[in-house]
Amino acid sequence: MADTAFDTIIIGGGPGGYVAAIRAAQLGMKTAVVEREHLGGICLNWGCIPTKALLRSSEINHLLHNLDAYGFSAKDIGYDTKKVVERSRKVAKQLSNGVGYLMKKHKITVIDGEGTLLGKGKLGVTKDGKAVGEFSAKHIVIATGARARTLPGLEPDGKFVWTYKEAMVPPAMPKSVLVIGSGAIGIEFASFYRDMGAEVTVVEVLDRVLPVEDEEISAFARKAFEKQGMKIHTSTMVKELKKNAEAVTATLASGDKTAQATAERVVLAIGITGNVETIGLDKTRVRVEKGHILVNEWLATDEPGLYAIGDVVGPPWLAHKAMHEGVICMERIAGLNTAHPLDTNNIPGCTYCRPQVASVGLSERRAKEAGREVRVGRFPFIGNGKAIALGEPEGLVKTVFDAKTGELLGAHMIGAEVTELIQGYTIAKTLETTEQELMRTVFPHPTLSEMMHESVLDAYGQVLHI
(Lines give C-alpha, C1' and ligand atoms only; values in the text may rest on other atoms or scores of the structure.)
Protein backbone atom coordinates (compact mmCIF):
# COMPACT_ATOMS: atom_id res chain seq x y z
CA MET A 1 0.00 0.00 0.00
CA ALA A 2 1.52 3.29 -1.15
CA ASP A 3 0.18 5.55 1.60
CA THR A 4 1.17 4.64 5.16
CA ALA A 5 0.99 8.06 6.86
CA PHE A 6 -2.34 9.71 7.68
CA ASP A 7 -3.72 12.53 9.78
CA THR A 8 -6.29 10.19 11.29
CA ILE A 9 -6.75 6.42 11.38
CA ILE A 10 -9.94 4.84 12.71
CA ILE A 11 -9.85 1.24 13.92
CA GLY A 12 -13.27 -0.16 13.03
CA GLY A 13 -15.65 0.64 10.19
CA GLY A 14 -18.96 0.44 12.07
CA PRO A 15 -21.42 3.33 12.47
CA GLY A 16 -19.09 5.28 14.74
CA GLY A 17 -15.96 4.54 12.75
CA TYR A 18 -17.19 5.25 9.24
CA VAL A 19 -19.04 8.42 10.29
CA ALA A 20 -15.93 9.64 12.12
CA ALA A 21 -13.94 9.00 8.95
CA ILE A 22 -16.38 10.93 6.79
CA ARG A 23 -16.37 13.90 9.14
CA ALA A 24 -12.56 13.84 9.32
CA ALA A 25 -12.36 13.86 5.54
CA GLN A 26 -14.84 16.73 5.35
CA LEU A 27 -12.56 18.66 7.73
CA GLY A 28 -9.60 18.17 5.41
CA MET A 29 -7.84 15.30 7.18
CA LYS A 30 -6.11 12.53 5.30
CA THR A 31 -8.05 9.59 6.70
CA ALA A 32 -7.94 5.80 6.80
CA VAL A 33 -10.27 3.16 8.25
CA VAL A 34 -9.10 -0.29 9.31
CA GLU A 35 -11.90 -2.87 9.12
CA ARG A 36 -11.47 -6.63 9.58
CA GLU A 37 -14.79 -7.82 8.18
CA HIS A 38 -17.65 -5.67 6.86
CA LEU A 39 -17.94 -1.92 6.44
CA GLY A 40 -20.93 -0.81 8.48
CA GLY A 41 -19.94 -3.07 11.35
CA ILE A 42 -22.40 -5.09 13.42
CA CYS A 43 -25.17 -2.49 13.04
CA LEU A 44 -25.49 -2.58 9.27
CA ASN A 45 -24.54 -6.21 8.81
CA TRP A 46 -25.79 -8.10 11.88
CA GLY A 47 -27.75 -5.65 14.00
CA CYS A 48 -29.89 -2.56 13.57
CA ILE A 49 -30.66 -2.83 9.87
CA PRO A 50 -31.18 -6.54 9.10
CA THR A 51 -33.21 -7.02 12.29
CA LYS A 52 -35.57 -4.29 11.12
CA ALA A 53 -35.97 -6.15 7.83
CA LEU A 54 -36.86 -9.30 9.77
CA LEU A 55 -39.29 -7.39 11.97
CA ARG A 56 -40.95 -5.93 8.89
CA SER A 57 -41.55 -9.49 7.66
CA SER A 58 -43.01 -10.55 11.00
CA GLU A 59 -45.23 -7.46 11.04
CA ILE A 60 -46.58 -8.43 7.61
CA ASN A 61 -47.17 -11.99 8.81
CA HIS A 62 -49.13 -10.63 11.78
CA LEU A 63 -51.25 -8.41 9.51
CA LEU A 64 -51.92 -11.24 7.07
CA HIS A 65 -53.33 -13.31 9.91
CA ASN A 66 -55.56 -10.44 11.03
CA LEU A 67 -56.94 -9.25 7.69
CA ASP A 68 -60.54 -9.67 8.77
CA ALA A 69 -60.29 -6.56 10.95
CA TYR A 70 -59.67 -4.52 7.78
CA GLY A 71 -62.33 -6.16 5.62
CA PHE A 72 -60.05 -8.56 3.75
CA SER A 73 -59.74 -12.32 3.59
CA ALA A 74 -56.99 -14.61 2.32
CA LYS A 75 -56.43 -18.34 2.13
CA ASP A 76 -53.35 -20.51 2.49
CA ILE A 77 -51.23 -17.81 4.12
CA GLY A 78 -47.66 -18.97 4.52
CA TYR A 79 -44.06 -17.87 4.31
CA ASP A 80 -40.68 -19.16 3.21
CA THR A 81 -38.11 -18.81 6.03
CA LYS A 82 -35.24 -18.90 3.55
CA LYS A 83 -36.69 -15.97 1.58
CA VAL A 84 -37.40 -13.98 4.75
CA VAL A 85 -33.75 -14.37 5.78
CA GLU A 86 -32.47 -13.70 2.25
CA ARG A 87 -34.34 -10.39 2.12
CA SER A 88 -32.78 -9.35 5.42
CA ARG A 89 -29.30 -10.22 4.18
CA LYS A 90 -29.82 -8.35 0.90
CA VAL A 91 -30.86 -5.22 2.79
CA ALA A 92 -27.72 -5.47 4.93
CA LYS A 93 -25.47 -5.99 1.90
CA GLN A 94 -26.99 -3.04 0.05
CA LEU A 95 -26.25 -0.70 2.94
CA SER A 96 -22.76 -2.10 3.54
CA ASN A 97 -21.98 -1.51 -0.13
CA GLY A 98 -23.32 2.01 0.32
CA VAL A 99 -20.76 2.68 3.06
CA GLY A 100 -18.05 1.50 0.68
CA TYR A 101 -19.26 4.06 -1.86
CA LEU A 102 -19.14 6.80 0.81
CA MET A 103 -15.53 5.89 1.61
CA LYS A 104 -14.57 6.29 -2.04
CA LYS A 105 -16.56 9.50 -2.40
CA HIS A 106 -14.65 11.10 0.49
CA LYS A 107 -11.28 9.63 -0.62
CA ILE A 108 -10.92 7.63 2.59
CA THR A 109 -8.44 4.76 2.49
CA VAL A 110 -9.95 1.46 3.64
CA ILE A 111 -7.42 -1.03 5.00
CA ASP A 112 -8.64 -4.63 5.15
CA GLY A 113 -7.46 -6.28 8.35
CA GLU A 114 -7.12 -6.07 12.11
CA GLY A 115 -5.37 -3.11 13.70
CA THR A 116 -2.98 -3.28 16.66
CA LEU A 117 -1.39 -0.28 18.36
CA LEU A 118 2.40 -0.41 18.15
CA GLY A 119 3.27 2.72 20.08
CA LYS A 120 2.61 6.44 19.86
CA GLY A 121 0.90 7.20 16.55
CA LYS A 122 1.71 3.78 15.07
CA LEU A 123 -0.58 0.98 14.00
CA GLY A 124 0.14 -2.48 12.65
CA VAL A 125 -2.43 -4.25 10.48
CA THR A 126 -2.68 -7.99 9.89
CA LYS A 127 -5.06 -10.15 7.87
CA ASP A 128 -5.47 -13.85 8.59
CA GLY A 129 -2.28 -13.75 10.64
CA LYS A 130 -0.22 -12.16 7.87
CA ALA A 131 1.18 -8.64 8.02
CA VAL A 132 -0.57 -6.06 5.83
CA GLY A 133 1.66 -3.17 6.87
CA GLU A 134 2.50 -0.52 9.43
CA PHE A 135 0.77 2.85 9.41
CA SER A 136 1.10 6.11 11.28
CA ALA A 137 -1.22 8.95 12.24
CA LYS A 138 -1.21 11.91 14.58
CA HIS A 139 -4.67 10.85 15.77
CA ILE A 140 -5.92 7.28 16.15
CA VAL A 141 -9.54 6.52 17.02
CA ILE A 142 -10.61 3.17 18.47
CA ALA A 143 -14.07 2.22 17.22
CA THR A 144 -13.88 -1.54 17.63
CA GLY A 145 -17.42 -1.95 18.96
CA ALA A 146 -18.61 -4.76 21.20
CA ARG A 147 -19.72 -8.37 21.11
CA ALA A 148 -22.39 -10.47 22.79
CA ARG A 149 -21.68 -11.29 26.42
CA THR A 150 -21.88 -14.89 27.61
CA LEU A 151 -22.15 -16.47 31.05
CA PRO A 152 -20.75 -19.77 32.34
CA GLY A 153 -23.15 -22.57 31.54
CA LEU A 154 -24.97 -20.45 28.96
CA GLU A 155 -22.40 -20.53 26.19
CA PRO A 156 -23.78 -20.42 22.63
CA ASP A 157 -23.13 -23.42 20.40
CA GLY A 158 -24.56 -22.02 17.16
CA LYS A 159 -27.05 -24.88 16.88
CA PHE A 160 -29.37 -24.97 19.88
CA VAL A 161 -28.14 -21.91 21.79
CA TRP A 162 -27.91 -18.82 19.60
CA THR A 163 -26.43 -15.36 19.83
CA TYR A 164 -28.10 -12.56 17.85
CA LYS A 165 -26.10 -13.66 14.79
CA GLU A 166 -27.58 -17.16 14.57
CA ALA A 167 -31.02 -15.86 15.56
CA MET A 168 -31.02 -13.64 12.46
CA VAL A 169 -30.41 -16.49 10.00
CA PRO A 170 -32.51 -19.46 11.18
CA PRO A 171 -32.31 -22.33 8.67
CA ALA A 172 -35.92 -23.12 9.59
CA MET A 173 -38.45 -21.41 11.83
CA PRO A 174 -38.38 -23.05 15.29
CA LYS A 175 -41.70 -23.92 16.85
CA SER A 176 -40.55 -22.59 20.23
CA VAL A 177 -37.91 -20.13 21.40
CA LEU A 178 -36.57 -19.22 24.83
CA VAL A 179 -35.10 -15.71 24.99
CA ILE A 180 -32.72 -14.97 27.86
CA GLY A 181 -32.69 -11.22 28.48
CA SER A 182 -35.45 -8.69 27.88
CA GLY A 183 -33.54 -5.61 26.80
CA ALA A 184 -34.03 -4.19 23.33
CA ILE A 185 -32.23 -7.04 21.54
CA GLY A 186 -34.02 -9.81 23.44
CA ILE A 187 -37.47 -8.28 23.09
CA GLU A 188 -37.03 -7.60 19.37
CA PHE A 189 -36.17 -11.25 18.76
CA ALA A 190 -39.03 -12.34 21.02
CA SER A 191 -41.40 -10.15 19.01
CA PHE A 192 -40.07 -11.41 15.66
CA TYR A 193 -40.36 -15.10 16.50
CA ARG A 194 -43.77 -14.70 18.17
CA ASP A 195 -45.22 -12.92 15.14
CA MET A 196 -43.75 -15.60 12.90
CA GLY A 197 -45.76 -18.18 14.86
CA ALA A 198 -43.30 -19.55 17.41
CA GLU A 199 -44.14 -20.08 21.06
CA VAL A 200 -41.94 -17.62 22.94
CA THR A 201 -40.73 -17.55 26.54
CA VAL A 202 -38.74 -14.61 27.88
CA VAL A 203 -36.58 -14.79 31.01
CA GLU A 204 -35.31 -11.62 32.70
CA VAL A 205 -33.13 -11.49 35.83
CA LEU A 206 -34.43 -8.04 36.79
CA ASP A 207 -37.94 -7.34 38.05
CA ARG A 208 -39.40 -6.12 34.75
CA VAL A 209 -39.01 -6.40 30.99
CA LEU A 210 -37.29 -3.58 29.12
CA PRO A 211 -35.67 -2.54 32.41
CA VAL A 212 -34.11 0.69 31.12
CA GLU A 213 -37.53 2.08 30.23
CA ASP A 214 -39.96 3.97 32.44
CA GLU A 215 -41.70 1.53 34.79
CA GLU A 216 -45.15 2.40 33.48
CA ILE A 217 -44.05 1.68 29.91
CA SER A 218 -42.43 -1.60 30.98
CA ALA A 219 -45.66 -2.72 32.65
CA PHE A 220 -47.68 -1.74 29.58
CA ALA A 221 -45.28 -3.66 27.34
CA ARG A 222 -45.47 -6.80 29.46
CA LYS A 223 -49.27 -6.85 29.28
CA ALA A 224 -49.13 -6.39 25.52
CA PHE A 225 -46.59 -9.20 25.06
CA GLU A 226 -48.51 -11.58 27.30
CA LYS A 227 -51.70 -10.76 25.41
CA GLN A 228 -49.88 -11.90 22.26
CA GLY A 229 -49.13 -15.22 23.95
CA MET A 230 -45.58 -14.72 25.23
CA LYS A 231 -44.64 -16.31 28.54
CA ILE A 232 -42.59 -13.90 30.63
CA HIS A 233 -40.55 -14.68 33.74
CA THR A 234 -39.04 -11.70 35.58
CA SER A 235 -36.78 -11.76 38.67
CA THR A 236 -35.68 -15.12 37.27
CA MET A 237 -32.27 -16.62 36.47
CA VAL A 238 -31.42 -19.39 34.05
CA LYS A 239 -29.35 -21.79 36.12
CA GLU A 240 -28.72 -24.51 33.58
CA LEU A 241 -29.30 -25.50 29.97
CA LYS A 242 -29.66 -29.17 29.05
CA LYS A 243 -29.71 -30.17 25.40
CA ASN A 244 -31.12 -33.26 23.78
CA ALA A 245 -31.40 -34.20 20.12
CA GLU A 246 -34.21 -31.75 19.39
CA ALA A 247 -34.54 -29.12 22.12
CA VAL A 248 -33.10 -27.38 25.15
CA THR A 249 -34.48 -27.50 28.68
CA ALA A 250 -33.67 -24.55 30.92
CA THR A 251 -33.78 -24.64 34.70
CA LEU A 252 -35.29 -21.37 35.90
CA ALA A 253 -34.75 -20.06 39.42
CA SER A 254 -36.83 -17.35 41.06
CA GLY A 255 -36.13 -16.93 44.76
CA ASP A 256 -36.45 -20.37 46.35
CA LYS A 257 -38.52 -21.74 43.50
CA THR A 258 -37.27 -23.55 40.42
CA ALA A 259 -39.05 -24.53 37.24
CA GLN A 260 -38.20 -25.85 33.82
CA ALA A 261 -38.88 -24.49 30.35
CA THR A 262 -38.21 -26.37 27.13
CA ALA A 263 -37.77 -24.81 23.70
CA GLU A 264 -36.32 -25.84 20.37
CA ARG A 265 -33.90 -22.91 20.41
CA VAL A 266 -32.46 -20.50 22.98
CA VAL A 267 -31.50 -16.90 22.12
CA LEU A 268 -28.95 -15.22 24.39
CA ALA A 269 -29.45 -11.49 24.83
CA ILE A 270 -27.67 -10.80 28.10
CA GLY A 271 -25.69 -7.73 27.17
CA ILE A 272 -22.45 -6.91 25.41
CA THR A 273 -18.80 -6.28 26.25
CA GLY A 274 -16.34 -4.05 24.45
CA ASN A 275 -13.78 -5.38 21.97
CA VAL A 276 -10.71 -4.21 23.88
CA GLU A 277 -8.49 -7.25 23.53
CA THR A 278 -5.70 -7.75 20.94
CA ILE A 279 -5.58 -4.09 19.89
CA GLY A 280 -2.43 -3.23 21.83
CA LEU A 281 -3.91 -1.27 24.71
CA ASP A 282 -1.27 -2.76 27.02
CA LYS A 283 1.27 -0.53 25.27
CA THR A 284 -0.66 2.61 26.20
CA ARG A 285 -1.96 4.56 29.20
CA VAL A 286 -5.56 3.68 28.26
CA ARG A 287 -7.72 2.60 31.18
CA VAL A 288 -10.27 -0.19 30.73
CA GLU A 289 -13.10 -0.70 33.21
CA LYS A 290 -15.71 -3.46 33.02
CA GLY A 291 -14.73 -4.25 29.45
CA HIS A 292 -14.96 -0.67 28.21
CA ILE A 293 -12.43 2.08 27.49
CA LEU A 294 -12.55 5.16 29.70
CA VAL A 295 -12.65 8.50 27.87
CA ASN A 296 -13.30 12.15 28.73
CA GLU A 297 -16.15 14.27 27.39
CA TRP A 298 -14.25 14.73 24.11
CA LEU A 299 -13.72 10.97 23.65
CA ALA A 300 -10.00 11.24 24.45
CA THR A 301 -8.31 8.40 26.36
CA ASP A 302 -5.46 8.89 28.84
CA GLU A 303 -3.03 8.27 25.98
CA PRO A 304 -2.30 11.49 24.02
CA GLY A 305 -3.49 11.24 20.42
CA LEU A 306 -5.63 8.18 21.10
CA TYR A 307 -9.44 8.35 21.21
CA ALA A 308 -12.33 5.90 21.51
CA ILE A 309 -15.97 6.09 20.43
CA GLY A 310 -19.11 3.97 20.26
CA ASP A 311 -19.94 0.70 22.00
CA VAL A 312 -16.34 0.16 23.11
CA VAL A 313 -16.66 3.13 25.50
CA GLY A 314 -19.89 1.93 27.08
CA PRO A 315 -23.59 2.70 27.27
CA PRO A 316 -25.88 3.60 25.79
CA TRP A 317 -24.92 1.01 23.18
CA LEU A 318 -26.61 2.69 20.23
CA ALA A 319 -25.48 3.30 16.68
CA HIS A 320 -26.69 6.90 16.66
CA LYS A 321 -24.72 7.59 19.83
CA ALA A 322 -21.58 6.17 18.19
CA MET A 323 -22.11 8.29 15.07
CA HIS A 324 -22.55 11.46 17.10
CA GLU A 325 -19.43 10.67 19.13
CA GLY A 326 -17.48 10.22 15.91
CA VAL A 327 -18.49 13.70 14.77
CA ILE A 328 -17.73 15.29 18.16
CA CYS A 329 -14.33 13.59 18.29
CA MET A 330 -13.29 14.79 14.85
CA GLU A 331 -14.58 18.32 15.30
CA ARG A 332 -12.67 18.55 18.59
CA ILE A 333 -9.50 17.29 16.91
CA ALA A 334 -10.00 19.90 14.18
CA GLY A 335 -10.40 22.61 16.82
CA LEU A 336 -13.89 23.67 15.83
CA ASN A 337 -15.55 25.98 18.34
CA THR A 338 -18.93 24.47 17.45
CA ALA A 339 -18.04 21.13 19.07
CA HIS A 340 -20.04 20.29 22.21
CA PRO A 341 -19.79 17.29 24.54
CA LEU A 342 -22.56 14.72 24.17
CA ASP A 343 -25.44 14.92 26.65
CA THR A 344 -26.60 11.33 27.02
CA ASN A 345 -29.95 12.56 28.40
CA ASN A 346 -30.73 13.75 24.88
CA ILE A 347 -30.06 10.38 23.23
CA PRO A 348 -33.30 8.60 22.26
CA GLY A 349 -33.65 4.85 22.65
CA CYS A 350 -35.87 2.73 20.41
CA THR A 351 -37.06 -0.87 20.55
CA TYR A 352 -38.73 -2.13 17.36
CA CYS A 353 -40.93 -4.81 18.87
CA ARG A 354 -44.72 -4.87 18.52
CA PRO A 355 -45.84 -2.54 20.01
CA GLN A 356 -42.81 -0.30 19.51
CA VAL A 357 -41.14 1.42 22.46
CA ALA A 358 -39.19 4.70 22.44
CA SER A 359 -37.92 7.14 25.02
CA VAL A 360 -35.59 10.04 25.71
CA GLY A 361 -34.43 11.61 28.96
CA LEU A 362 -35.36 10.77 32.53
CA SER A 363 -38.04 8.32 33.59
CA GLU A 364 -40.52 9.50 36.21
CA ARG A 365 -38.69 7.56 38.93
CA ARG A 366 -35.22 8.78 37.93
CA ALA A 367 -36.44 12.37 37.83
CA LYS A 368 -37.81 12.06 41.37
CA GLU A 369 -34.64 10.32 42.57
CA ALA A 370 -32.69 13.28 41.17
CA GLY A 371 -34.68 15.51 43.51
CA ARG A 372 -36.96 16.99 40.88
CA GLU A 373 -40.54 17.93 41.58
CA VAL A 374 -42.36 16.65 38.50
CA ARG A 375 -45.53 17.06 36.51
CA VAL A 376 -46.50 14.01 34.46
CA GLY A 377 -48.77 13.86 31.43
CA ARG A 378 -50.24 10.83 29.67
CA PHE A 379 -52.28 10.24 26.57
CA PRO A 380 -53.53 6.83 25.38
CA PHE A 381 -53.58 5.74 21.74
CA ILE A 382 -57.28 4.87 22.12
CA GLY A 383 -58.01 8.60 22.29
CA ASN A 384 -56.33 9.34 18.97
CA GLY A 385 -58.30 9.25 15.70
CA LYS A 386 -55.36 8.26 13.49
CA ALA A 387 -54.41 5.37 15.80
CA ILE A 388 -57.98 4.04 15.70
CA ALA A 389 -58.14 4.42 11.91
CA LEU A 390 -54.87 2.48 11.58
CA GLY A 391 -56.23 -0.28 13.78
CA GLU A 392 -53.51 0.48 16.33
CA PRO A 393 -55.38 1.65 19.47
CA GLU A 394 -52.89 0.06 21.89
CA GLY A 395 -50.32 2.47 23.27
CA LEU A 396 -49.40 5.34 25.56
CA VAL A 397 -47.46 8.60 25.40
CA LYS A 398 -46.01 9.85 28.69
CA THR A 399 -44.15 13.10 29.39
CA VAL A 400 -42.26 14.20 32.49
CA PHE A 401 -41.68 17.90 33.25
CA ASP A 402 -39.92 19.85 35.96
CA ALA A 403 -42.82 21.34 37.93
CA LYS A 404 -40.89 24.51 38.76
CA THR A 405 -39.29 25.40 35.42
CA GLY A 406 -41.40 23.61 32.81
CA GLU A 407 -38.30 21.84 31.47
CA LEU A 408 -39.05 18.64 29.55
CA LEU A 409 -37.16 16.01 31.55
CA GLY A 410 -38.23 12.92 29.67
CA ALA A 411 -40.68 11.37 27.22
CA HIS A 412 -41.72 7.71 27.06
CA MET A 413 -43.87 6.05 24.42
CA ILE A 414 -45.25 2.67 23.49
CA GLY A 415 -47.35 1.96 20.41
CA ALA A 416 -47.34 2.08 16.62
CA GLU A 417 -44.53 4.13 15.03
CA VAL A 418 -43.30 5.66 18.28
CA THR A 419 -39.73 5.06 17.11
CA GLU A 420 -40.39 7.73 14.49
CA LEU A 421 -42.35 10.03 16.81
CA ILE A 422 -39.72 10.21 19.58
CA GLN A 423 -37.50 12.52 17.54
CA GLY A 424 -39.96 15.35 18.14
CA TYR A 425 -39.31 15.18 21.86
CA THR A 426 -35.57 14.71 21.26
CA ILE A 427 -35.44 17.98 19.33
CA ALA A 428 -37.48 19.65 22.07
CA LYS A 429 -34.99 18.50 24.72
CA THR A 430 -31.99 19.56 22.67
CA LEU A 431 -33.50 23.02 22.21
CA GLU A 432 -34.36 23.14 25.94
CA THR A 433 -38.01 23.68 25.08
CA THR A 434 -40.49 24.37 27.88
CA GLU A 435 -44.02 23.13 28.29
CA GLN A 436 -45.39 26.48 27.09
CA GLU A 437 -43.59 26.23 23.76
CA LEU A 438 -44.77 22.67 23.25
CA MET A 439 -48.35 23.57 24.12
CA ARG A 440 -48.29 26.47 21.63
CA THR A 441 -46.97 24.27 18.84
CA VAL A 442 -49.59 23.30 16.23
CA PHE A 443 -49.60 19.55 15.55
CA PRO A 444 -51.22 18.30 12.31
CA HIS A 445 -54.52 16.42 12.37
CA PRO A 446 -55.14 13.56 12.00
CA THR A 447 -51.74 12.20 13.04
CA LEU A 448 -50.27 10.07 15.77
CA SER A 449 -48.12 13.07 16.70
CA GLU A 450 -51.17 14.79 18.19
CA MET A 451 -50.79 12.46 21.17
CA MET A 452 -47.44 14.09 21.91
CA HIS A 453 -49.23 17.44 22.20
CA GLU A 454 -52.05 16.00 24.29
CA SER A 455 -49.61 14.38 26.72
CA VAL A 456 -48.00 17.76 27.35
CA LEU A 457 -51.42 19.35 27.82
CA ASP A 458 -52.36 16.58 30.26
CA ALA A 459 -49.33 17.33 32.43
CA TYR A 460 -50.77 20.81 32.95
CA GLY A 461 -54.46 19.94 33.27
CA GLN A 462 -55.39 21.07 29.75
CA VAL A 463 -55.83 17.80 27.88
CA LEU A 464 -58.53 18.03 25.23
CA HIS A 465 -59.49 14.57 23.99
CA ILE A 466 -59.77 12.39 27.08
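A salt bridge is defined here as a side-chain nitrogen of Lys or Arg within 4 Å of a carboxyl oxygen of Asp or Glu. The structure is a predicted model, in which local features need pLDDT of at least 70 and side-chain atom pairs count only at pLDDT 80 or more, whereas totals for chains, interfaces and linings use all residues. Residues are numbered from 1 along each chain as its sequence is written, and side-chain values use heavy atoms, with hydrogens and water left out.

Side chains of opposite charge can pair when their charged atoms come close. By the rule above, the model contains 21 salt bridges. One of these joins Glu 188 to Lys 52, with 3.2 Å between the closest N and O atoms. The two partners lie 136 residues apart in the chain, Glu 188 in helix α6 and Lys 52 in helix α3; helices (H or I, at least four residues) and strands (E, at least two) are DSSP runs, numbered from the N terminus. Glu 188 counts as buried, at 10% relative accessibility, while Lys 52 counts as partly exposed, at 24%. In these terms, buried means under 20% relative accessible area, exposed means over 50%, and partly exposed lies in between (1.4 Å probe, protein chains only).

A salt bridge is also formed by Glu 277 and Arg 147, whose closest N and O atoms are 3.0 Å apart. This pair links the loop between β16 (272–274) and β17 (288–289), which holds Glu 277, to strand β7 (residues 146–148), which holds Arg 147, across 130 residues. Glu 277 is partly exposed, with a relative accessible area of 39%, and Arg 147 is partly exposed at 34%.

Arg 354 and Asp 195 meet through their side chains in a further salt bridge, at 2.8 Å from N to O. Arg 354 is in the loop between β20 (349–351) and β21 (357–361), and Asp 195 is in helix α6, 159 residues apart. Arg 354 is partly exposed at 23% relative accessibility, whereas Asp 195 is buried at 9%.

Helices α3 and α6 (184–195) each supply at least two residues of the lining of the largest cavity. A cavity is a set of points, on a 1 Å grid over the protein atoms alone, where a 1.4 Å probe fits but cannot get out; lining residues have an atom within 4 Å of a point. The count comes to 1 cavity of 30 Å³ or more, and the largest cavity holds about 40 Å³ of space; the volume is the space filled by probe spheres set on the points, which are joined across faces, edges and corners. The lining consists of Thr 51, Leu 54, Leu 55, Glu 188, Phe 189 and Phe 192.

Helix α3 (residues 48–64) also contains Leu 63, which is partly exposed, with a relative accessible area of 32%. Together with Tyr 70 and Phe 72, Leu 63 forms a nonpolar surface patch of about 300 Å² of accessible area.

In contact terms (heavy atoms within 4.5 Å), Leu 438 touches Phe 401, Leu 408, Ala 428, Thr 433, Phe 443, His 453 and Val 456, not counting residues up to four places away in sequence. Leu 438 belongs to helix α12 (residues 435–439) and is buried, with a relative accessible area of 9%.

Notes: Patch = residues over 30% accessible without salt bridge, like charges linked within 9 Å, V, L, I, M, F, W, Y side chains within 5 Å. Areas by Shrake-Rupley, 256 points an atom, 1.4 Å probe, with all protein chains shown as cover. 1 Å grid on protein atoms, 1.4 Å probe; cavity = no way out; pocket = protein on both sides within 12 Å on 5 of 7 lines; lining within 4 Å.
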